[in-house]
Structures are given as structure tokens and as C-alpha cells.
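Visitor: Could you walk me through this one, strand by strand and helix by helix?
Guide: Gladly; let us look at it together.

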Amino acid sequence: MDKKDLRSLTLEQLQIELENMGEKSFRAKQIFSWLHSRQVRDIDSMTNISKALREKLKENFELRNIEIVEKLVAHEDNTVKYLFDVGNSMVIESVLMRYSYGNAVCISTQVGCRMGCTFCASTVDGLERNLLAGEMAEQIYEIQRDTGERGSGEPLDNFDNVMDFLAIINDKNGAELSHRHITVSTCGLVDKIYDLAEKHLQITLAISLHAPNDEIRQRTMPVARSYSIDKVIKAAKDYANKTKRRVTFEYALINGVNDSTDNAAELASRLKGIMCHVNLIPVNDVKENDYLRSSEKTIKEFAEVLQSGGIETTIRRKLGSSINAACGQLRKRYKNKEV
């Protein structure tokens, strides 16, 4: 029988497991702290836990550590791209981005992705498996270990594990990372957005919209065939109303596809009245498609139309272009033996 990953248990789940083993539940806080505050990578490092209990833990659980396979640093902005081995010849990506106000870490929630967005390299080979909550947390911990600093897939397609991860990473006995500093990005799984809203978490929801209407969205994002843009926006409005948190709409600008001023005006009309923000993303080149990045002039004009329509808008700074920092690019090259 496969052992459970000890790092993937929330504090409450760990307490239940220990009680089932005949142990006192207070031990759970000690173990949880070792895993998520001190971030140990083996059970025997928990020195204030009795040897007998450590042996019990090793009999019933494992620690699914990840290892750095590749690390690339962009000379232009110090963005760091990590490729991690998660076992069974599977690799995932994480990115450390440095801004004037602090660092941000973008982690994977799945090995690959099955959403099929045509501008994203993560989805080229489909979904291999979901990551466990502990494997998500371990990406953050491993980057912290590597840099000495604090900082792909479709998270709502791996809903339960992502919810456990959010509980683990926020717990005061562990890393205690505020939910207000966490963004969960989805391509628009409407039913899961409603489920997330019911959790009343203080995370930021980012929705990959990338089009002002269903016709364009269905060409670039297969998920749009299941969820119309009106349904996605209605779910986003529900999320904002229930959580009182502003929703971010991600919009990758593709030359000649979705970047006209008419597209911008249509988008502004759809988003009017929603507590939201639009993050414009100059599309990155992916070898598997022929999309081109919009010109600086087009990007600026698109942003001006949104802003004149009362939609708060920013243009994402292009990070890590010299190291294939776009979602899935390094992993794809690695799998193709190109790095």
C-alpha cells in the first residue's frame, strides 16, 4: 500500500492520523512545525519526537521531497526559473520573480495541464498527474532554501489538494503565509469558482480570460466550450461580492487575434461594474504555435481603451524572457532534451 505524504496533511488531518495511531493529538503541532516551519526533509530530523513515534511515522508515511533539476537566472531582471523532479521521470516548473516591492513565487499545482490553451506550453503534452498539497508547499520551501529568501497547471482542476495547500501554508504553526499574499489563477472553471467563493478565503482570484467574447476565447482556450464568457464573468462577480476581494482578469495579448481597440472596448463593456483589475500580458513565443507578441503601441492603446472605460489596468512587465520563463517552456524543452 502506498504511504501517505506526511507534508500534505493539514494540521487537523495530522491530529486525526495520530489519534488513529494511539498517539496524543498535541504531537501534531510539533510534527507540523517541523514540516512547515523548520521545513525538514526527513522524519528523523524531528529531534524532539520520540524515536518510537518517528519509527511509526516512517512505517505509515513518507516525505515526497522534490529536487532541483535545472535552475536558470535571467540576466536582465534576475528572474529565476526552477525545474523540479517530482519522481517517476516527471518534472514541474516554478518561477521566482523579483519586484521593487518584494518577491513573488509562481508554483505548479499539476504535472502538465489538460486545459489546452493554445498560447501556453504547459498544456502541450497534457496532464500527467495532480500534485499533492505537500508538493506544492515544497516548491516554496525549496526556493527558500536555495535563495535564503521568502516568496503551472490548473489549480481549480486539483481543488481539494489546493485547498489543503492553502490551509497548510497559512497555518500559524507552519510557514504562516497570509492568504492575502496568495493568488490562485484559473482558466475559468465556473463551478469551482463558486465553490472557492463559498470558502470565503482572503486570496486573490485571477481568471485567465484572454478574449472579449466567446468566439475568440473558444479558438484559444478549449475550456471556453464548456463555460461561456458570460458565465465566467458572472462567477467572478459572485466571488468579488462574497469575499470583498478584487478579481484579476489575465489577458494575454496576441497580435491580430485579440488585441484590437474594438476588442478592448468590448472587454471594458463586459467588465463594467465588477470589482476587478485587468492584467495585460504580452504573449510569450511558444514554438508549438505561431502567435506573435503585440506591438508596444498596440498594447498601450489597448490599455488606454480599458482605462477610459473605467477598468483598472496594468501591463505586466515581461520577466525572464532570456530563460524561457513563460509557463511550461523550460519543462517542455527539458522533456524534448533541448536544454
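Guide: A word on terms before we start: two strands pair if DSSP finds at least two bridges between them. Keep in mind, too, that this is a predicted model.

Visitor: Which residue in β4 is the bridge partner of I68?
Guide: Strand β3 covers residues 67-73, and it pairs with β4 in the antiparallel sense over six bridges. In β4, the partner that I68 bridges to is F84.

Visitor: Which residue in β5 does L83 stand opposite?
Guide: Strand β5 spans residues 90-99 and pairs with β4 in the antiparallel sense, here over seven bridges. Across from L83, β5 places E93.

Visitor: Which residue in the turn between β4 and β5 has a positive phi?
Guide: These two strands form a hairpin with two residues between them. The turn residue with a positive phi, about 55°, is N88.

Visitor: How many residues of β4 are buried?
Guide: Buried means under 20% relative accessible area. Strand β4, residues 80-87, is mostly covered by that criterion. Of its eight residues, the number buried is six.

Visitor: Are α9 and α10 roughly parallel or roughly antiparallel?
Guide: Helix α9 (residues 261-271) packs on helix α10 (residues 296-308) with the axes 8 Å apart and at an angle of about 30°. Angles under 35 degrees count as roughly parallel. Therefore α9 and α10 are roughly parallel.

Visitor: How many nonpolar residues are in the contact of α9 with α10?
Guide: From α9 come T261, N263, A264, A265, L267 and A268, which meet E301, F302, V305 and L306 of α10. By class, two are polar and one is charged, while the nonpolar residues number seven.

Note on methods:
Residues numbered from 1 in each chain as written. Predicted model: local features only at pLDDT ≥ 70, side-chain atom pairs only at ≥ 80, totals over all residues. Heavy atoms only, no water. Buried < 20%, exposed > 50% of the residue type's maximum accessible area, 1.4 Å probe, protein only. Helix = DSSP H or I, 4+ residues; strand = E, 2+ residues; numbered from the N terminus. Axes fitted to C-alpha atoms, helices over the stretch in contact; angles between N-to-C directions. Parallel < 35°, antiparallel > 145°, perpendicular 65-115°, else oblique. Contact = heavy atoms within 4.5 Å. Nonpolar A, V, L, I, M, F, W, Y, C, P; charged D, E, K, R; others polar.
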